[in-house]
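Let's take a quick tour of a protein model. Have a look at the sequence and the 3D view first, then read on.

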There are 2 protein chains.
Amino acid sequence: MQAILITIGDELLIGQTIDTNSAWMGQQLNQIGFWVKEKIAISDDAAHILKTLDYAISQADLVLITGGLGPTKDDITKQTLCKYFDAKLILNQEVLTHVENIFKRRGMPVSELLEMNKQQAMVPDCCTVLFNASGTAPGMLFKKNNAIIVSMPGVPFEMQHIMQTHVLPMMEKISDEHVLHRTLITAGVGESFLADKIKDWENDLPPFLKLAYLPSIGMVKLRLTARGKKTDNLQMPLDKEFEALKNLASEFLFAENDEPMEKTIGKMLLKKNANLCVAESCTGGFIASKMVSMAGSSKYFEGGVVSYSYQAKENLLGVKKQTLEKFGAVSEQCVTEMCTNVLEKFKTDFSIAVSGIAGPDGGTDDKPVGTVWIAIGSKHKTTAKKFHFTKDRSRNIELTFVHALKMLMSELK
Amino acid sequence: MQAILITIGDELLIGQTIDTNSAWMGQQLNQIGFWVKEKIAISDDAAHILKTLDYAISQADLVLITGGLGPTKDDITKQTLCKYFDAKLILNQEVLTHVENIFKRRGMPVSELLEMNKQQAMVPDCCTVLFNASGTAPGMLFKKNNAIIVSMPGVPFEMQHIMQTHVLPMMEKISDEHVLHRTLITAGVGESFLADKIKDWENDLPPFLKLAYLPSIGMVKLRLTARGKKTDNLQMPLDKEFEALKNLASEFLFAENDEPMEKTIGKMLLKKNANLCVAESCTGGFIASKMVSMAGSSKYFEGGVVSYSYQAKENLLGVKKQTLEKFGAVSEQCVTEMCTNVLEKFKTDFSIAVSGIAGPDGGTDDKPVGTVWIAIGSKHKTTAKKFHFTKDRSRNIELTFVHALKMLMSELK
């Protein structure tokens with residue numbers, strides 16, 4: 001079953017709004033066996049909407065339209081749908097009562113209801129109204145040439161409400177397919193090396209299983225997708241191949257769930273009943289803030305020191321003056337002292353310390369921009385490792401974070 | 001001048017990735033007088049790519065394609081472009097040398113370069129290669145029926161690099177329009193309140209000037225856009241109206257350049273030859289990492305302490321035990337001690353301290369989730385203020401950052 005998503009509104013085209021709706025819709029539709037074949041964003045232009053509708057209906061079983069249903073005059077989706085389906089607008093009493101109730105709830109007299117607000121209760125006579133408890137504009141369902149067309153507001157929680165209450169349950173009944181995904185996260189290895197390592201396995205995959213590489217800074221996600229009829233058993237072959245993939249990629253494996261690295265690390269620390277602190281130079285608090293971004297992190301994260309200056313390294317972390325003078329801040333000696341001292345100060349089970357040259361300035365022949373030392377400490381030992389990253393400041397910060405968590409992961413394992 | 005954006009890759013259709021590229025591209029193209037007419041996302045399917053290319057080229061002056069240029073076999077954009085333009089792949093020596101250099105920099109012998117990596121240097125013989133210093137896949141420019149077609153990698157910083165170095169400067173020359181923007185940043189005031197305050201001025205704007213409200217967490221950007229032929233003098237009227245807007249919004253004004261708040265603050269600190277340190281609880285290093293994200297921040301940022309636990313507040317920052325016992329960590333007393341003590345430890349001119357309940361748990365009747373204390377310290381005084389933010393953890397962290405910088409800005413002024 002194929003779906004096409006159409007979003008209507010200038011804000012997406014001029015880059016004022018980032019479209020998060022369609023990612024959510026894609027995920028939900030996948031789960032009930034619908035495959036999003038295409039996403040199209042266009043402006044509030046009647047001719048363009050009509051042409052796009054014609055195209056989408058000819059290509060898909062399901063066409064989902066969001067946006068352009070507001071009460072202001074720049075919103076023209078409803079009128080354009082009337083034109084397309086040759087329909088008249090009629091009053092829907094249930095929607096009108098609902099709009100009036102929203103007004104009352106907000107403490108406004110119904111007599112002050114504007115003509116504009118009443119218009120929200122007018123719907124094309126050929127559509128099925130999908131009641132929207134979360135807002136004033138209802139969803140509208142149409143049928144044409146074996147395709148189902150649904151128009152919804154673009155406000156994320158209103159769209160989600162209509163999808164969950166009406167569209168998804170209806171579509172699940174119609175669908176004869178299902179789609180399953182499993183995702184593996186690898187860190188510290190390039191996409192092509194990984195691909196080379198698993199190529200034989202990948203070539204032997206049965207046709208209903210598909211592998212995708214999703215690289216981002218410092219990591220590559222491997223997504224294995226199974227697609228088939230509802231009557232097919234997909235889970236077992238998917239799990240079997242996923243296990244095989246896990247074994248092949250074991251040395252680079254970071255997690256076997258599609259979740260942020262800081263979440264995976266947090267869960268491992270919790271499981272071990274251990275806690276963590278950090279000493280950061282070049283990342284300037286980035287690692288700490290990632291750890292704290294997870295709800296509940298106070299159970300395993302104690303805090304950290306951002307020792308951006310030499311003085312801070314001495315005063316706050318007790319790095320020896322002679323270490324800094326002899327080896328510099330970006331050195332095995334300094335990062336090791338930072339790591340052991342911060343562990344002691346925070347009295348935690350594990351610590352991370354990083355010191356490097358993020359750039360764009362500050363590099364030398366000896367230590368060019370991108371040189372970073374990372375250390376992982378525990379009561380028993382401290383391990384330090386040197387990395388050569390890029391010339392780009394923000395990438396270096398993110399790469400340091402990824403590799404620090406990868407090193408900590410190895411230690412925790 | 002009309003543009004169509006095509007993104008290729010299943011990850012967008014199944015909702016694994018949220019498309020941030022096209023918003024950025026839309027903004028950039030707008031500035032040089034290009035209008036994005038349509039955005040289309042499709043999967044790595046050759047027939048669908050060919051059909052979409054045909055459609056886009058018939059409709060637009062500029063077609064920008066992202067995605068599907070990786071070295072692995074699920075990426076088919078390059079081969080499909082060859083088919084479309086009836087081209088052969090030829091080796092580009094500059095790209096090959098670049099790929100080899102990337103390998104060397106990572107400490108890998110060139111002899112280990114895989115066939116897959118070498119393939120990145122193969123380009124269609126009819127295209128203009130747009131060198132990509134940030135990655136291995138180059139951009140490729142084609143021409144057909146008066147349209148310009150550019151294919152770029154989907155990795156955001158690679159795409160941005162190619163756009164900024166090659167595509168935007170070329171397109172700016174072609175465009176007969178120009179678009180000028182000036183942007184004002186306000187903090188701590190709602191969009192509708194601001195709109196009401198400036199409505200008379202906004203209604204009187206000449207037709208070639210347009211105001212856009214760009215609200216984000218804790219702030220509203222006001223972008224004034226002038227659009228006209230290249231021969232029109234737009235700068236003078238734009239500057240005049242921008243000054244008028246600045247006066248109207250003066251009490252909420254944070255900056256008059258569209259730059260990150262941490263950059264504005266950094267420039268002010270530099271100008272005053274002053275430096276800063278931070279003590280963070282609920283933000284967990286977010287403020288420090290924002291400060292450090294700016295190149296050159298070592299000139300005015302010394303570092304900080306992330307005192308996430310009670311113990312860290314006592315041990316690292318010297319907050320008194322009785323303060324924590326009597327008033328709790330989220331209190332004027334605690335945040336004031338954090339602020340004065342961190343200033344002393346780092347010996348800086350200014351300090352920021354924050355302590356709050358980011359959520360989702362940890363709230364009480366007395367101090368619900370979203371309660372945050374922020375203090376600004378200098379040698380002469382410490383000012384603390386209480387805020388009531390939201391129930392959402394990440395929004396609370398960002399709101400704390402925005403308001404802390406707003407408070408520091410007032411102090412610096």
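Here is a short briefing on the domains and on one group of strands.

This is a predicted model, where local features need pLDDT of at least 70, side-chain atom pairs count only at pLDDT 80 or more, and totals for chains, interfaces and linings use all residues. Residues are numbered from 1 along each chain as its sequence is written, while chains are lettered from A and ligands numbered from 1 in the order in which they are written.

**Domains**
- Chain A is assigned domain 1 (2–174), domain 2 (179–255) and domain 3 (261–412); such bounds come from an automatic or database domain assignment.
- Taken over C-alpha atoms, the centres of domain 2 and domain 3 of chain A are 31 Å apart.
- Where these two meet, seven residues of domain 2 of chain A are in contact with nine of domain 3 of chain A (contact: C-beta atoms, placed from the backbone, within 7 Å).

- S16(A) covers residues 371–378; strands here are DSSP runs (E, at least two residues), numbered from the N terminus.
- Seven of the eight residues of S16(A) are buried (20 or more other C-beta atoms within 10 Å of a residue's own, all placed from the backbone).
- On one side, S15(A) (residues 350–356) runs antiparallel to S16(A), with seven bridges joining them; strands pair if DSSP finds at least two bridges between them.
- In that pairing, Gly356(A) sits opposite Val372(A) of S16(A).
- S17(A) (residues 382–388) is also antiparallel to S16(A), again through seven bridges, and Trp373(A) has Lys386(A) in S17(A) as its bridge partner.
- S16(A) and S17(A) make a hairpin, with three residues between them.

Key
A residue is buried if 20 or more other C-beta atoms lie within 10 Å of its own, exposed if 12 or fewer, and partly exposed in between; C-beta atoms are placed from the backbone. Helices (H or I, at least four residues) and strands (E, at least two) are DSSP runs, numbered from the N terminus.
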